[in-house]
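Here is the note you asked for. Please read it with the structure open.

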Amino acid sequence: MESASVESLKIGDLIGRGVSGQVFRAEDADGHDVALKIFDEGSVNRDLLARMTRRLEDGGWPEGVMPVIGAGFNKFPAVRTMPLAADDGDGGSLVPRCLQHRLDEHPGIESWKLVKALAKALAGMHERRVPHGNLKPGNLMFDADGELLVTDWTLGNMPGARDVDFTDAVLYQAPEQLKNPGGYLEEAGYRWDVYSFGALSYRILTGRFPRCHDTFMQVAPPPGQTGREGLTADLGKIAENLEEKGGAEVEWPDEADNALEKGFRECIIRCLSLDARKRPASMVQVAAEFEAVERAVVLDEETENLLDQRRRAERATRRAVFALGVAVAGAMVFGGLWQLALAQLEGEKSKRAEDVSALRATADAANQAEADATAEAERARQRLSYERELWLTRLEASRLVGDRLFSWAMEKGHRQLPPLDGREQRLKRLERYFDDFLTRTASIRELADERARIRLALAEISLAKGDAAEAKLRLDEALDAWSVLKVDADLKFRMARNVLLLALLHQSHSDDEAGAAFARARKELEAVPRREVDGDRLDQLLAILDFQEARLLASKGEDSKALKQLLDATQTLNRLAEQRPESAVLKSELATCYLSSATILEGMGNLGDAREVRALAAEELLAELKQDPGNDALRLELAGCYGAMAETAVMAGDIGGAEELSAAAMKLLDGVLMKQPENTQAISRKAAQLGLRAGIMRDRGKAEEAMKDFDEGIRMLEAISVSKPDNVIVNYRLALLEWQKGRMLGMAGSRDEEIALEQKALSRLGDLEAKRAANGPSAEQLQRSTAYLLGDLGHAMQLAKRPKEARQAFASAEALWESLVGSRPQSEEYSEALMWCRQRLSAVK
């Protein structure tokens with residue numbers, strides 16, 4: 001899949017428009033016609049779409065799924081190119097080759113073929129762990145030969161998508177999807193697709209919706225049209241209608257023509273169950289059931305044909321025997337004068353004929369018995385195959401749940417989960433269970449990947465127990481087991497992280513193997529495909545490695561190597577912290593990555609004391625600075641440590657400690673700026689500390705001093721912004737300072753000035769989001785800051801008696817928080833912010 005952007009294509013005529021964007025005919029750099037989709041920013045979850053598209057692409061596109069030629073999901077606007085599936089229509093317009101434009105051909109002779117092709121395509125998607133979630137006639141395309149191509153997965157009513165207008169896809173969706181699209185992230189999407197497949201198949205085969213037909217036909221686009229204008233949808237109400245008015249069992253309008261059709265229909269009825277638990281687990285199971293029905297019918301037909309052949313043979317034998325008897329009787333009447341020897345010869349022939357007939361009958365019976373046994377064996381094999389497919393499907397669906405429960409059991413404590421007591425006992429039970437699983441399944445070849453996964457879990461248990469020798473043995477066994485299996489990027493990342501944990505465990509035990517273990521960990525981490533995982537998290541782990549390896553080198557007297565490692569770790573972590581300067585949680589996590597190997601070994605995520613951790617790192621830097629006092633790069637990095645510690649101290653309520661640390665950072669930064677007055681990084685960090693100090697002065701009631709610091713910080717950043725307008729970190733910090741100053745002016749009663757500054761900061765954040773620089777804050781970080789800023793702006797508008805503008809600000813903030821909650825449903829911060837915003841919005845009159 002190539003990279004794509006609007007600039008790289010020659011855009012032609014508009015083909016169509018949907019709730020998630022517009023589709024154009026376009027020409028690529030090689031002169032080939034393609035279909036270009038330009039996504040509406042508020043109607044698509046970029047990360048989810050990119051991740052699911054990569055899964056489909058890995059290993060080759062499944063049969064019946066529209067391949068993606070190029071994509072730019074991280075660009076603005078987000079785009080995707082696919083093969084052009086449209087024909088020239090009247091007046092030179094393009095008509096998409098999709099089911100929506102061919103609905104009037106169904107039901108027809110091709111209907112069952114289309115249903116089976118759809119089942120196969122969706123089964124291929126589910127095998128790649130990609131639920132579609134957006135099935136409708138307009139998303140079922142056809143190639144030039146009339147073969148089905150499914151497209152537009154993970155669009156429409158999806159978690160994280162906002163501003164989604166009415167789409168006829170909701171007419172085919174299961175009630176639970178209509179009520180909670182966030183369930184897609186919890187593996188519910190497979191059974192959603194099963195229901196949607198049933199609803200689409202029923203309409204293709206009968207021309208009717210299986211439930212609420214009259215109501216749905218009033219809003220469904222007619223054949224040949226892709227939508228209806230001016231419609232809005234209450235998805236919760238649609239779900240209620242399905243459950244209340246459509247609760248009765250779905251029935252077919254006529255009888256099945258044959259046993260094959262009857263079997264297919266029964267399967268579709270199970271797909272349409274309103275109780276998700278009663279539906280097939282995924283389309284893999286549905287496709288297996290379709291194949292089982294076909295095989296059973298074929299076997300029944302073959303058996304009946306064999307029986308017919310035997311009955312015809314028996315009738316022919318009886319006629320032949322009767323004719324032979326007549327002939328023999330005539331010969332006896334007219335041959336009475338023949339010699340006795342000739343009569344005896346004829347009698348002997350007759351006896352031999354009877355023996356031959358008996359032998360043939362015996363052979364026929366044996367052949368029939370063999371055919372019956374073969375048919376029974378085939379039926380038994382089909383039952384076993386079906387049960388195996390069902391088992392493996394359920395195993396795949398429960399695997400992620402099992403991984404989450406395993407992670408929970410391994411934790412000593414977690415912010416988002418209730419505490420589990422008796423950790424040591426839990427680890428022993430898990431260990432016994434996994435060992436027993438390996439023993440019981442050792443001979444089952446199909447579970448090789450599951451056994452490899454279990455071996456990896458056993459290695460992680462050994463790491464949690466602190467047993468370095470056992471952990472190394474088990475981790476080697478796990479890596480060896482996975483060496484012959486397919487490993488995706490997330491699993492590769494997980495294994496590399498475990499190799500790092502093993503190295504840290506060796507170091508904590510002062511093992512001689514620590515140096516080699518760190519080298520192995522670096523090799524594994526650098527082999528992880530960065531674009532397919534969380535790149536910041538990967539950098540974070542590499543920084544852990546740099547820092548801990550630096551300590552090991554220093555203990556061996558290799559000071560120069562240790563300094564280089566330490567600088568690499570510090571620079572990486574400061575870069576990550578600067579991308580989210582407002583986030584205390586990130587600063588704590590990054591600080592933990594410097595020295596807290598014990599916390600890492602106990603779960604990689606339990607927060608330690610950020611100030612103490614950064615203090616340890618700062619001590620190392622300070623020691624090096626004493627040896628090399630003229631090193632301004634060291635001063636700048638040490639100032640970054642102190643500044644981040646100061647910001648964390650403010651979040652923790654330690655104002656005195658924050659002032660001391662901020663003063664130390666300012667002193668170092670002033671020293672750097674005396675020698676390098678144009679150093680952008682030093683100016684940016686000093687402005688951030690001025691903003692921090694201004695906030696402390698403001699809270700102490702020293703408004704004049706606070707305003708002076710705000711103005712000085714803004715002036716410094718504006719000067720850089722003029723000369724270097726593309727510096728995203730500077731513009732981000734400038735927006736935050738303008739926002740803080742505006743809040744302070746509002747507290748002083750200058751409401752109009754507050755609103756003006758907050759609107760200016762909002763515009764600046766909007767520009768940053770539109771540009772989306774790789775070295776700046778992420779899309780999620782920008783959305784989070786913008787959502788908070790919109791909340792403050794709405795509050796200011798409310799106090800200024802401007803209710804209409806207040807509602808607009810609160811509504812925009814609410815939409816952003818809904819998107820953030822959709823992308824991270826477990827975040828308490830996002831959920832609480834959304835609740836606050838909704839309360840504010842309801843209070844505006």
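This is a predicted model: local features need pLDDT of at least 70, side-chain atom pairs count only at pLDDT 80 or more; totals for chains, interfaces and linings use all residues.

1. The chain has 845 residues, and 47% of them count as buried. Its secondary structure comes to 28 helices and 10 strands. The accessible surface is about 41700 Å², with 52% of that belonging to carbon and sulfur atoms. Take the contacts between residues at least 6 apart in sequence: 65% join residues at least 24 apart.

2. **Main core.** In soluble globular proteins, nonpolar side chains tend to be buried together. Here the largest nonpolar core has 76 residues. Trp153 and Phe197 have the most contacts inside it. Which elements each supply at least two residues of this core? The helices are α1 (46-57), α2 (111-127), α4 (189-206), α6 (235-245), α7 (259-271) and α8 (283-334). The strands are β9 (140-142) and β10 (148-150).

3. **Second core.** There is a separate core of 36 residues. Its members include Ala639, Leu668, Phe710 and Ile714. Phe710 and Ile714 return in point 8, as part of the α23 face that meets α24.

4. **Backbone exceptions.** Most residues other than glycine have a negative phi, and most peptide bonds are trans. His106 and Pro107 are joined by a cis peptide bond, with omega about 0 degrees. Pro107 is in the loop between β8 (94-96) and α2. Thr154 is not a glycine, yet has a positive phi of about 50 degrees. The loop holding Thr154 runs between β10 and α3 (175-179). Glu187, also not a glycine, has a positive phi of about 75 degrees. Glu187 sits in the loop between α3 and α4.

5. **Is Thr154 buried or exposed?** Thr154 has 1% relative accessibility. The cut-off for buried is under 20%, so Thr154 counts as buried.

6. **Helices α13 and α14.** Two packed helices are described by the angle between their axes and the distance between the axes. For α13 (residues 489-508) and α14 (residues 514-526), the axes come within 8 Å and cross at roughly 165 degrees. Angles over 145 degrees count as roughly antiparallel, so α13 and α14 are roughly antiparallel to each other. Their crossing is left-handed. On the α13 side, the contact includes Phe493, Val499, Leu500, Leu504 and His506. On the α14 side, Ala514, Ala517, Phe518 and Leu525 are among the residues involved.

7. **Helices α23 and α24.** The axes of α23 (residues 703-723) and α24 (residues 728-747) come within 9 Å. They cross at roughly 155 degrees, so α23 and α24 are roughly antiparallel to each other. The crossing is left-handed. Residues of α23 in this contact include Met707, Phe710, Ile714, Leu717 and Ile720. Those of α24 include Val730, Leu734, Leu737, Met744 and Leu745.

8. **Helices α26 and α27.** α26 (residues 779-799) and α27 (residues 803-823) pack with their axes 8 Å apart. The angle is about 155 degrees, so this pair is roughly antiparallel. α26 passes α27 in a left-handed crossing.

9. **His506.** His506 lies in α13. Its relative accessible area is 4%, so His506 is buried. Beyond four places in sequence, His506 contacts Ala468, Lys472, Asp511, Glu513, Ala514 and Ala517. How far apart are the C-alpha atoms of His506 and Phe518? They are separated by 9.3 Å, and the two residues are 12 apart along the chain.

10. **Arg451.** Arg451 belongs to helix α11 (residues 448-465). At 14% relative accessibility, Arg451 falls under the cut-off and so counts as buried. Leaving aside neighbours within four places, Arg451 is in contact with Phe437, Leu438, Thr441, Ala442, Ile444 and Arg445.

Conventions. Residues are numbered from 1 along each chain as its sequence is written. Side-chain values use heavy atoms; hydrogens and water are left out. A nonpolar core is a set of buried Ala, Val, Leu, Ile, Met, Phe, Trp, Tyr and Cys residues joined through side-chain atoms within 4.5 Å. Buried means under 20% relative accessible area, exposed over 50%, partly exposed in between (1.4 Å probe, protein chains only). Helices (H or I, at least four residues) and strands (E, at least two) are DSSP runs, numbered from the N terminus. Contact means heavy atoms within 4.5 Å. Accessible areas come from the Shrake-Rupley method with a 1.4 Å probe; for residues, only the protein chains shown count as cover. Axes are lines fitted to C-alpha atoms, for helices over the stretch in contact, and angles run from 0 to 180 degrees between N-to-C directions. Angles under 35 degrees count as roughly parallel, over 145 as roughly antiparallel, 65 to 115 as roughly perpendicular and the rest as oblique. A crossing is left-handed if the near helix is turned anticlockwise from the far one by less than a right angle, and right-handed if clockwise.
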